[in-house]
Amino acid sequence: MKKYFNLFLKDITTALELVIALILAAGISIMIVQLIVDFRNLPDLNTYPNYEDLLTNCFNLIIGVEMIRMLYLHTQSTAFEVLLFAIARQIIIDHSNSINSLIGVIAIAFLFATRKFLFVTFDQSEKVIFRATQKTKHVNRLLHVHIPYEDDETLGQLMLRKLNEDNQEVGVGACTYYKDFGLRVAKITDGKITRIEVIRSIQ
């Protein structure tokens with residue numbers, strides 16, 4: 001029951017993030033239209049204040065776009081890009097003193113060093129364990145995947161069939177792979193598969 005509740009909460013948070021991203025995208029689109037309309041006034045310094053205002057608006061829009069990507073991709077690289085643009089904006093727009101600019105440059109160098117030496121490349125995945133008696137069609141509906149099955153096959157029956165087709169030995173850790181996900185035998189009791197792990201890519 002707990003895993004169903006966790007999946008339900010995950011779907012809600014994903015939907016909320018999508019709504020926030022859509023609202024942000026709509027706001028950015030409106031601001032871009034306003035920027036295009038105001039562009040004709042750029043040569044007239046009395047109407048459009050100055051070039052720095054244009055640069056500031058453009059940087060704000062770029063940072064907003066990167067935040068949208070961060071909301072739906074959920075990767076360390078998108079968070080890195082948001083921070084990079086925010087610091088670059090501060091260095092380029094703010095001309096308060098050279099110390100602040102130097103600190104900004106050091107911060108950017110630190111970000112690049114962090115990405116080079118501390119970021120670990122790995123496939124982000126979601127792992128959910130089901131009973132082998134669970135109907136495959138219910139798992140498909142719950143996880144929004146498409147596990148090919150025959151008739152009213154359970155996960156256990158499907159796993160046994162696939163392992164036999166691939167001439168694999170039935171045991172804990174045995175896997176069968178599909179395009180964006182895989183199935184893994186998580187537990188065997190008295191010679192029967194009792195738990196199957198569905199591993200789904202979330203990238």
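Helices here are DSSP runs of H or I with at least four residues, numbered from the N terminus, and they are shown below in close-up views of a predicted model.

**View 1. The end of α6 and its buried face.** Helix α6 is followed by asparagine 167, whose phi is positive, near 55 degrees. Within α6, the residues Leu155, Gly156, Leu158, Met159, Lys162 and Leu163 are buried. Because the buried residues of α6, seen down its axis, fall within an arc of 160 degrees, they line one face of the helix. An α-helix has 3.6 residues a turn, so residues three or four places apart point the same way.

**View 2. The largest nonpolar core.** This core holds 20 residues, of which Leu143, Ile147 and Leu183 touch the most other members. Two or more residues each are given to this core by β1 (125-131), α5 (136-143), α6 (155-165), β3 (181-189) and β4 (192-201), and the largest share, four residues, comes from α6.

**View 3. Surroundings of leucine 143.** When neighbours within four places in sequence are left aside, leucine 143 is in contact with Leu7, Val128, Phe130, Val198 and Arg200.

View 4. Phe5, Phe8, Leu9, Ile12 and Leu16 make a nonpolar surface patch of about 480 Å². One of these residues, leucine 9, lies in helix α1, which spans residues 2-39. Leucine 9 counts as partly exposed because its relative accessibility is 38%, a value between the limits of 20% for buried and 50% for exposed.

Definitions and conventions. Residues are numbered from 1 along each chain as its sequence is written. This is a predicted model: local features need pLDDT of at least 70, side-chain atom pairs count only at pLDDT 80 or more; totals for chains, interfaces and linings use all residues. Side-chain values use heavy atoms; hydrogens and water are left out. Patches are made of residues with over 30% relative accessible area and no salt bridge: like charges are joined within 9 Å, nonpolar side chains (Val, Leu, Ile, Met, Phe, Trp, Tyr) within 5 Å. Accessible areas come from the Shrake-Rupley method with a 1.4 Å probe; for residues, only the protein chains shown count as cover. A salt bridge is a side-chain nitrogen of Lys or Arg within 4 Å of a carboxyl oxygen of Asp or Glu. Buried means under 20% relative accessible area, exposed over 50%, partly exposed in between (1.4 Å probe, protein chains only). A nonpolar core is a set of buried Ala, Val, Leu, Ile, Met, Phe, Trp, Tyr and Cys residues joined through side-chain atoms within 4.5 Å. Contact means heavy atoms within 4.5 Å. The arc is that of the directions from the helix axis to the C-beta atoms.
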